[in-house]
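Subject: Structure for you to look at

Hello,

I am passing on the structure we spoke about. My notes on what was found follow below it.

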Amino acid sequence: MKLIISMLVLVLSFNLFASEAIGFYSNGKIGNSVSIDAYSESHVRKLYRNRGQLYGTTETMLALTSLADHMKANYPSVEVTQIGDISSKNGRKIRRHKSHQNGLDSDVVYYRVNEQAQPESETEWGEDFVINRKLTKNFHIERNWEAMKFLVNNHDVGRIFVDGQIKKALCSYAKKIGEFSQEIETLRRLRIENSVHMHHFHLRLKCPSGNSRCKAQGEPPTGSGC
Ligand SMILES: [Zn+2]
């Protein structure tokens with residue numbers, strides 16, 4: 001009995017079952033990945049389930065599910081937070097993505113004015129929020145801004161990839177409501193990647209502390225980038 005207890009203490013203290021991001025976002029894998037299905041009580045929904053990209057690190061799952069719950073708590077009528085691809089069970093290369101390999105990348109549908117989540121039967125993104133280089137009326141600027149602030153201020157976010165028009169709109173919105181100077185760090189982490197982020201943003205977390213085999217990415221330049 002004593003032996004079992006001391007072994008248990010050993011296992012727990014070395015955190016042998018913790019998830020681990022290994023390698024780089026575009027050349028990596030995951031140890032002990034976690035499925036988003038472990039968080040089914042959260043106000044989060046996984047799209048494209050049959051692609052099998054349900055997995056990531058614990059940190060990714062906590063960021064996604066706490067975002068969903070934060071949005072629900074702040075805006076009770078908000079649609080569920082819909083998640084596109086995360087990673088495959090063991091990480092590594094998946095179809096459609098260069099990154100998404102080490103469990104720290106995930107795609108999240110933008111929040112909508114009409115509060116209508118896309119049907120889960122759809123096999124591709126349901127709605128573009130940037131058409132002819134203009135933001136559509138259904139892009140909920142206040143809620144998407146709240147989501148970005150929540151993620152950057154509460155999780156270890158490296159970058160959030162968005163469309164250029166969306167960054168521009170969030171920069172102006174932050175100025176308009178007087179939050180520009182206090183949210184420079186949020187704006188800084190919004191990185192422009194056009195033509196793919198008009199229906200979803202791509203959340204990228206930094207290497208979690210203790211994941212010594214995870215290869216860090218350089219920090220984005222300081223300043224808002226607006
Ligand atoms: Zn992505």
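Two residues are in contact here if their C-beta atoms, placed from the backbone, lie within 7 Å. A residue is buried if 20 or more other C-beta atoms lie within 10 Å of its own. Please keep in mind that this is a predicted model.

First, the whole protein. It has 5 helices and 12 strands. The radius of gyration is 18 Å, close to the 17 Å that the globule rule gives for 226 residues, so the protein is as compact as a globular protein of that length. The C-alpha trace spans about 65 × 40 × 35 Å along its principal axes. Of the 226 residues, 39% count as buried. Among contacts between residues at least 6 apart in sequence, 75% join residues at least 24 apart.

Next, helix H4, residues 164-176. Its end C-alpha atoms are 18 Å apart, which agrees with the 18 Å that its 13 residues should span at 1.5 Å a residue. Its buried residues are Gln165, Ile166, Lys167, Ala169, Leu170 and Ala174. What covers these residues includes helices H3 (141-154) and H5 (184-189), together with strands S8 (130-131), S9 (134-135), S10 (157-162) and S11 (190-192). After H4 comes Gly178, with a positive phi near 75 degrees.

Last, a strand pair. Strands S1 (residues 20-24) and S2 (residues 27-31) are antiparallel and pair over 5 bridges. The hairpin that joins S1 to S2 runs through 2 residues. Glu20 stands opposite Gly31 in S2.

Regards

Technical notes:
Residues are numbered from 1 along each chain as its sequence is written. This is a predicted model: local features need pLDDT of at least 70, side-chain atom pairs count only at pLDDT 80 or more; totals for chains, interfaces and linings use all residues. Two strands pair if DSSP finds at least two bridges between them. Helices (H or I, at least four residues) and strands (E, at least two) are DSSP runs, numbered from the N terminus. The expected span of a helix is 1.5 Å times one less than its number of residues. A residue is buried if 20 or more other C-beta atoms lie within 10 Å of its own, exposed if 12 or fewer, and partly exposed in between; C-beta atoms are placed from the backbone. The radius of gyration is taken over C-alpha atoms; the globule rule is 2.2 Å times the number of residues to the power 0.38.
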